Amino acid sequence: KHFKDQRGYFKEILKEKIIKKKFPLHLSSFSKQHVLRGLHFQNPPFEQGKLVRVIKGSVIDIAVDIRKDSITYGKHVAVKLSDENNKMFWIPPGFAHGYYVKENNTIVNCKQTKYYSAKYEKGIIWNDKNLKLNWKFKKPLLSRKDMKQPKFYS
């Protein structure tokens, strides 16, 4: 529900009956324009579901199905999230996740179903041609870790 008047708005963000998950970890990131974060995931038993929302700015958010027994294995979904459209993106466990920042000073909030574990953290290179991701750019700002991620089908 979204309540709006001359003062601004008040919005229900999440109801437990909509997504019956607990979110022990709440993260926030601040990014410059052209930053790409991802594609990241964690292996069992630390696989994470993520609920992502942009508080300020905009991103192209992508989730890739990495569940080997899934009929959509290797397929992806891309969503534009922004402070204007107020969309939230639910990414279930078993998906790699990443986003490209379209505007300077973008703030992204993410609620996660499990805590981070460096031991179980994995990634996929953002530009793996086999995944056919359409980020709509060629030279993002990447972390050193994200520059060295392996290919999906390797």
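A nonpolar core is a set of buried Ala, Val, Leu, Ile, Met, Phe, Trp, Tyr and Cys residues joined through side-chain atoms within 4.5 Å. Buried means under 20% relative accessible area, exposed over 50%, partly exposed in between (1.4 Å probe, protein chains only). The model is predicted: local features need pLDDT of at least 70, side-chain atom pairs count only at pLDDT 80 or more, and totals for chains, interfaces and linings use all residues. Residues are numbered from 1 along each chain as its sequence is written, and side-chain values use heavy atoms, without hydrogens and water.

View 1. The largest nonpolar core has 17 residues. Leu39, Val64, Ile124 and Trp135 have the most contacts inside this core. Strands β4, β6 and β9 each supply at least two of its residues; strands (E, at least two residues) and helices (H or I, at least four) are DSSP runs, numbered from the N terminus. A second core is separate and holds 14 residues, including Val54, Val59, Phe89 and Val108. In soluble globular proteins, nonpolar side chains tend to be buried together.

**View 2. The surroundings of Val64.** What does Val64 touch, leaving aside its neighbours within four places in sequence? Contact means heavy atoms within 4.5 Å. Among the contacts of Val64 are Leu39, Leu131 and Leu133. Gly74, Lys75 and His76 also belong to the list. Gly94, Phe95 and Ala96 complete the set.

**View 3. The five-stranded open sheet.** The strand order is β7-β6-β9-β4-β11, and the pairing is antiparallel; strands pair if DSSP finds at least two bridges between them. β7 (76-82) and β11 (121-123) stand at the edges. Each has a single partner strand, so one side of each lacks a neighbour in the sheet. Neighbouring strands are turned by 25° against each other on average, direction ignored; axes are lines fitted to C-alpha atoms. Strand β6 covers residues 58-65 and is joined to β7 by seven bridges. Across this pair, Val59 stands opposite Leu81.

**View 4. Strand β4 and its two partners.** Five of the seven residues of β4 are buried, so the strand is largely enclosed by the rest of the structure. Four bridges join β4 to β9 (residues 95-101). Here Leu36 has Tyr100 of β9 as its bridge partner. Three bridges join β4 to β11. Here Phe41 faces Lys122 of β11. Both pairings run antiparallel.

**View 5. Gln42, a buried polar residue.** Gln42 lies in strand β4 (residues 36-42). Is Gln42 buried or exposed? Its relative accessible area is 7%, so Gln42 counts as buried. Its side chain reaches the backbone oxygen of Phe46 at 2.9 Å. It also reaches the backbone nitrogen of Ser117, again at 2.9 Å. Polar contacts are pairs of N or O atoms within 3.5 Å; within protein, one must be able to donate a hydrogen and the other to accept it, and residues adjacent in sequence count only if both atoms are side-chain atoms. Not counting residues up to four places away in sequence, Gln42 touches Glu47, Gln48, Tyr115, Tyr116, Ser117, Tyr120 and Glu121.

**View 6. The four-stranded open sheet.** The order is β3-β10-β5-β8, with antiparallel pairing. β3 (25-31) and β8 (88-91) are the edge strands, and each pairs on one side only. On average, neighbouring strands are turned by 20° against each other, direction ignored. Four bridges link β5 (residues 50-56) to β8. Within β8, Trp90 is the bridge partner of Leu51.

**View 7. Phe23 against Trp90.** The structure holds six aromatic pairs. Rings of Phe, Tyr and Trp (its six-membered ring) pair if their centres lie within 6.5 Å; planes under 30 degrees apart count as stacked, over 60 as edge-to-face and the rest as tilted. Phe23 and Trp90 are edge-to-face, at 6.2 Å centre to centre and 85° between the planes. Phe23 lies in the loop between β2 (8-11) and β3, and Trp90 in strand β8, so the pair ties together parts that are 67 residues apart in sequence. Phe23 is buried at 13% relative accessible area. Trp90 is partly exposed at 26%.

**View 8. Trp126 and Phe137 stacked.** The two rings lie 5.5 Å apart, centre to centre, with 15° between the planes. Both residues lie in the loop between β11 and α1 (144-147), so the pair ties together parts that are eleven residues apart in sequence. Trp126 is buried, with 10% relative accessible area. Phe137 is buried at 17%. Tyr100, Trp126, Trp135 and Phe137 form one aromatic cluster.

Definitions and conventions: Axes fitted to C-alpha atoms, helices over the stretch in contact; angles between N-to-C directions.
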